[in-house]
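Take a look at the structure below. Then work through the questions one by one.

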Amino acid sequence: MTGDLILLIVVVLTALSFDFTNGFHDTANAMATSIATGALKPKIAVGLSAILNFVGAFLSLKVAATIATGIVNSGAITLTVVFAGLVGGLAWNLVTWYYGIPSSSSHALIGGVVGATLLASGVSAVKGGGLVSHVIIPAILAPIAAIVVATIGTYLVYVLTRKVNENTRAKGFKIGQIGSASLVSLAHGTNDAQKTMGIITLALIANGTITQSAGTPFWVIICSATAIAAGTYIGGWRVIRTLGKGLTDIETPQGFAAEASSATVILTSTHFGFPLSTTQVCTGSVIGAGLGKRLAEVRWGVAARMGVAWLITLPAAALVGAIAFGVAQLIGGTLGVIVVFAAAVIFAALLYLASRKTAVTSKNVNDEWVGRGTPTQIGTPV
Amino acid sequence: MSDYIDVDALWRVMVASLIGGVGIAALFSIGLVGISSGRAVARVAGGACFVIVIAGVLLGVYVMLDK
């Protein structure tokens with residue numbers, strides 16, 4: 001087995017691992033409110049979301065073999081840069097999952113690639129304007145747009161159905177919530193699984209395994225769809241708990257309005273070519289659902305914690321991406337990449353073991369939210 | 001600012017999101033009011049609201065396929 005082939009295999013494994021973390025990190029986006037309101041049982045919710053993510057991955061196969069387009073010079077992208085960028089994104093996904101913070105996987109990946117590119121090719125290879133227009137401005141606008149839509153939607157839902165029997169209303173909105181959450185899951189599958197397909201396709205082209213015009217091999221599509229679906233089914237319960245219970249206490253009408261807002265903002269932004277982060281939109285929608293209901297409480301401390309995490313996503317992932325690239329280069333060759341990969345696996349294993357001490361699972365995900373801001377402060381003993 | 005942001009796409013997203021998101025929430029609510037009413041006319045109107053909501057969902061799926 002040649003060094004190039006080993007490098008390719010490590011990059012593909014890292015990309016699929018990133019895809020997996022993307023799945024379990026983002027389960028909350030679609031299903032947190034349905035789980036919180038009891039519209040779906042936790043295990044059923046993540047199972048449904050996993051199936052829809054898998055199906056979504058096949059819905060649109062216009063896969064672009066690019067990464068961080070418009071943000072770094074395409075000439076600066078090598079297999080090692082892609083690998084280091086993935087490690088940066090992966091590390092940020094795992095850390096934010098551990099602390100139960102919804103955070104954009106796409107922005108983390110971009111941060112990782114930017115960090116690795118800065119070290120590999122210098123400042124001139126990174127387009128500052130691209131960072132502002134592709135990451136920073138959308139990160140500000142996504143939650144604002146979702147908050148506005150969800151606040152008005154929630155207010156109207158309560159006003160219009162004020163005379164409807166409570167049982168009929170709860171039952172009706174539960175059905176609506178399942179439908180709108182399913183749409184968000186499907187949209188997530190069409191967007192996020194294809195990013196991994198694009199990265200693996202890019203690696204295969206760079207290695208000369210396939211030609212530029214060959215298109216994405218079917219095994220890449222199957223593997224990417226399976227990885228994101230498996231991650232979704234595992235369920236990032238810590239993030240689900242924060243989004244479903246931490247920001248505000250959600251009732252079924254609020255859950256429906258939030259999911260309708262998320263689905264609409266995500267799909268319209270996709271349609272008009274102004275892509276917004278699914279995570280930031282869904283978080284904004286949940287805040288809007290809290291604001292739109294009279295006397296509902298939004299826990300601004302939890303929201304502020306998320307805001308801080310979003311602010312440091314790019315620099316934090318960039319730092320890890322740069323360190324990963326630097327270490328791989330320092331050791332040199334394929335061995336350098338293997339050492340960084342092994343370090344990433346050990347880091348993930350240690351974080352997983354640490355998470356078991358304060359486990360959030362399908363059993364306690366809906367426990368009363370206590371404490372100031374972390375999902376592991378469970379109301380009842382774990 | 002316009003160098004960094006596609007203002008045209010942005011305002012379209014905002015308007016379409018508002019109409020779509022708020023519209024679907026409102027229509028679904030009116031649909032619930034209609035079908036929980038005892039009157040036949042209200043039930044038919046409520047059913048019509050749900051049909052429009054389903055059409056909105058199908059439009060969403062079309063947007064995903066068309067991407």
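Q: How many salt bridges are there between chain A and chain B?
A: This is a predicted model. A salt bridge needs a Lys or Arg nitrogen within 4 Å of an Asp or Glu carboxyl oxygen. Between chain A and chain B, the count is zero.

Q: What area do chain A and chain B bury between them?
A: The contact takes 40 residues from chain A and 32 residues from chain B. Carbon and sulfur atoms account for 82% of the buried area. The total comes to about 3,100 Å².

Q: Which three residues supply more of the area that chain A buries against chain B than any other three?
A: Together they supply 17% of the area that chain A buries there. They are Leu160(A), Phe272(A) and Phe274(A).

Q: Which helix gives the largest share of the side of chain A that touches chain B?
A: Helices α5, α6 and α9 of chain A each supply at least two residues of that side. By class, the side has 22 nonpolar, 16 polar and two charged residues. The largest share, 13 residues, comes from α5(A).

Q: Is Asp192(A) buried or exposed?
A: Asp192(A) forms a salt bridge with Lys195(A), at 3.4 Å from N to O. Both lie in helix α6 of chain A, three residues apart, about one turn of the helix. Lys195(A) is partly exposed, at 31%. Asp192(A) has a relative accessibility of 3%, under the 20% cut-off, so it counts as buried.

Q: How many residues apart in sequence are the parts that Asp249(A) and Arg299(A) tie together?
A: The two side chains meet in a salt bridge at 3.1 Å, N to O. Asp249(A) lies in the loop between α8 and α9, and Arg299(A) in the loop between α10 and α11. The pair therefore ties together parts whose separation is 50 residues.

Q: Which residue meets Lys293(A) in a salt bridge?
A: Lys293(A) is in the loop between α10 and α11 of chain A. Its partner is in the loop between α8 and α9, 42 residues apart from it. The bridge spans 3.2 Å, N to O, and the partner is Glu251(A).

Q: Why is helix α8 of chain A described as largely enclosed by the rest of the structure?
A: The helix covers residues 237–246. Trp237(A), Arg238(A) and Lys245(A) are among its buried residues.

Technical notes. Residues are numbered from 1 along each chain as its sequence is written. Chains are lettered from A and ligands numbered from 1 in the order in which they are written. This is a predicted model: local features need pLDDT of at least 70, side-chain atom pairs count only at pLDDT 80 or more; totals for chains, interfaces and linings use all residues. Side-chain values use heavy atoms; hydrogens and water are left out. Contact means heavy atoms within 4.5 Å. Buried area is the accessible area (1.4 Å probe) that two parts lose on being put together, summed over both. Helices (H or I, at least four residues) and strands (E, at least two) are DSSP runs, numbered from the N terminus. Ala, Val, Leu, Ile, Met, Phe, Trp, Tyr, Cys and Pro count as nonpolar, Asp, Glu, Lys and Arg as charged, and the others, Gly among them, as polar. Buried means under 20% relative accessible area, exposed over 50%, partly exposed in between (1.4 Å probe, protein chains only).
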